[in-house]
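Q: Before we start, please show me the sequence and the structure.

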Amino acid sequence: MTTIDYNERIPNNVNLSGDRRLQRALEQWQPKFVDWWCEMGPVEYQDADVFLRTAVSVDRDGWAQFDYVKMPDYRWGIFLSDPEPDRRISFGDDKGQPVWQEVPGEHRSDLRRLIVVQGDTEPASVEQQRHLCRTAPSLYDLRNLFQVNVEEGRHLWAMVYLLHGFFGRDGRDEADAMLQRHSGDTDNPRILGAFNEQTPDWLSFYFFTYFTDRDGKYQLASLAESSFDPLARTCDFMLKEEAHHMFVGATGIGRVAQRTVELMKEHDTDDVHPYGGINIDTLQRYLNFHYSVSLDLFGAETSTNAANYFAAGLKGRFQETKRDDDHQLHGDNRTILTVEGGRVVEHEVNSLAAINATLRDDYSADCAIGLERWNRTLAAVGAELKLPHVGFHRAVGQFRDVHLDPEGHVIDQATWDANEARWLPTEEDRAHVASLMVPVTEAGKMAGWIAPPAQGIGGRPVDMAYVRT
Ligand SMILES: [Fe+2]
Ligand SMILES: [Fe+2]
C-alpha cells in the first residue's frame with residue numbers, strides 16, 4: 001500500500017498526523033470519497049484546470065488561496081475555527097458550564113443525528129448540480145459552480161471528521177452512508193426532501209444558492225453556538241465558505257435582472273422571451289418556488305425536538321450570544337402564525353417550543369435584503385420582486401394543509417388551481433429557461449440572458465479563462 005502524507009494531502013488544523021486512529025479512519029474513507037466525487041460529482045471537466053480557492057489554514061491569508069487545480073486533486077481540508085479560551089455554554093439548561101470537548105453520553109445520539117442531517121445536505125447539493133457544467137453561461141460562472149461544489153465536498157469532510165473523530169464505530173458507519181445515499185435515489189435517497197430535487201438549470205441554481213444555501217447558513221450558525229465545541233468551531237469555519245455560495249446566488253439573480261431590464265428597454269416590451277431574456281414574472285415564480293421549499297427546511301414552527309436540542313445546549317439560535325434574554329426561555333412566549341376560521345392569525349406559544357420559527361424568521365429577514373438590491377435594478381422599469389407570504393406553498397408546519405396566495409390570504413382549492421400558473425413556475429417557464437441553457441465556453445463571453453459580473457474572482461479580470469480544458 002502506498003502511503004500518503006495526509007498532513008500534506010489533507011490540509012488541517014486538527015493535528016491529523018498526531019492521531020493515528022483518526023488518521024487510519026480517514027485513510028480508509030478518503031478513496032471512497034474520491035470515487036464518489038468522480039462518479040457523482042460534475043459530469044464533465046474532471047480533467048480541466050479550474051481556478052479554485054482552497055483553504056490551507058484558518059487565518060486571513062490561508063483560508064482563500066487561489067490557483068488552477070483539477071477537481072479530483074482538490075485538497076479537501078479539515079478546519080476548525082480557533083478555540084475560544086474558557087468558552088462557556090451560552091444557552092439552555094447548562095448555561096454557564098464549560099463547553100464539551102468530548103460528546104456527553106446522554107447527548108450522543110442527538111448530536112450524531114444533527115451532524116448526519118447537516119452532513120448529508122453537502123454531497124446532496126453536489127449531486128443535484130452535477131449536470132449544470134454542461135450549460136454554464138460563462139467560464140466565470142462555470143468556475144463558481146465548481147467552487148461551490150468542492151466546498152460542499154469540504155463541508156462533507158468537516159462533518160465526517162466529527163463522525164470519525166468523536167463517534168467511534170457508528171460514526172464510521174454514518175460516514176460511509178453519506179456516500180451511499182444519493183440525491184433522488186428511489187431506494188436510498190438523501191435525508192431531506194428538498195435535497196432530492198434536481199437543479200435543472202442555471203436560474204434554479206442561482207435561486208438555490210440564494211435561498212437554500214442560506215438555509216444552510218442559518219443551520220450552521222445555530223450549530224456554531226453548540227456546547228459541543230468541536231462542532232461549534234467546525235460550523236463557524238464553514239460559514240466563511242457559505243458566504244461565497246450565497247454571493248453566487250445574489251449576484252447571479254442580480255445579473256439576470258439587469259439583463260432583463262436592458263432587453264425590456266431595448267425592445268420596449270415586458271416580454272423579453274422572444275429576445276432571449278427571462279421575464280420578470282418568470283423570475284418571481286422561480287423565487288416563490290425556491291423560497292417556499294427552503295422555508296420547509298426549517299421544520300414545523302413548534303417542535304419538541306428543537307426545544308430539547310436547545311434546552312440541552314446542542315443547537316442554539318442565530319447569534320445566540322447577542323440576544324437580550326435569559327437564553328433558557330422556559331418562561332418566555334412568542335407568537336407564531338397559524339390559520340383559524342379561514343384567516344391567518346397570531347397564536348401565542350412558548351418560545352422554547354418555537355425555536356424553529358425564530359430561526360426561520362431570522363432567515364426570512366435576511367432573504368429580504370438581497371431583494372432590495374435586485375429591486376434597485378428593476379426600478380428602472382418600474383418593476384419589483386417580492387418574497388411571498390411564509391404560508392404560501394408550504395408542505396411543512398402550520399400551513400401544510402391549506403392554500404394561501406402570495407399575499408397571505410387563505411384561498412380554496414379552486415382559486416389555487418385557477419392561479420397556480422401565475423404563482424409557481426410553469427412547464428412553459430421551465431421550457432423557456434431550458435431553451436436558454438446553451439453553454440458559453442469562450443473566456444469573457446456571456447450567454448445572452450445574463451449580464452456580466454461587475455468583477456472577476458480573486459482580483460482577476462472577468463475575461464480570464466477560469467476553466468482551462
Ligand atoms: Fe455547505
Ligand atoms: Fe453551500
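A: Helix H4 lies across strands E1 and E7, at about 50° to E1. Helices (H or I, at least four residues) and strands (E, at least two) are DSSP runs, numbered from the N terminus. Axes are lines fitted to C-alpha atoms, for helices over the stretch in contact, and angles between N-to-C directions run from 0 to 180 degrees. The model is predicted: local features need pLDDT of at least 70, side-chain atom pairs pLDDT 80 or more, while totals for chains, interfaces and linings use all residues. Residues are numbered from 1 along each chain as its sequence is written, and chains are lettered from A and ligands numbered from 1 in the order written.

Q: In which order do the three strands form the open sheet?
A: Strands pair if DSSP finds at least two bridges between them. Here the order is E2-E1-E7, with antiparallel pairing. E2 (65-69) and E7 (467-468) stand at the edges with a single partner strand each, so one side of each has no neighbour in the sheet.

Q: How many bridges join E1 to E2?
A: Five bridges join E1 (residues 49-54) to E2. Valine 50 has valine 69 in E2 as its bridge partner.

Q: How is a pair of packed helices described?
A: By the angle between their axes and the distance between the axes. Angles under 35 degrees count as roughly parallel, over 145 as roughly antiparallel, 65 to 115 as roughly perpendicular and the rest as oblique. H2 (residues 20-40) and H5 (residues 168-180) pack at about 10°, with axes 10 Å apart; they are therefore roughly parallel.

Q: At what angle do H4 and H5 cross?
A: At roughly 155°, their axes coming within 7 Å. H4 and H5 are therefore roughly antiparallel.

Terms used: Contact = placed C-beta atoms within 7 Å.
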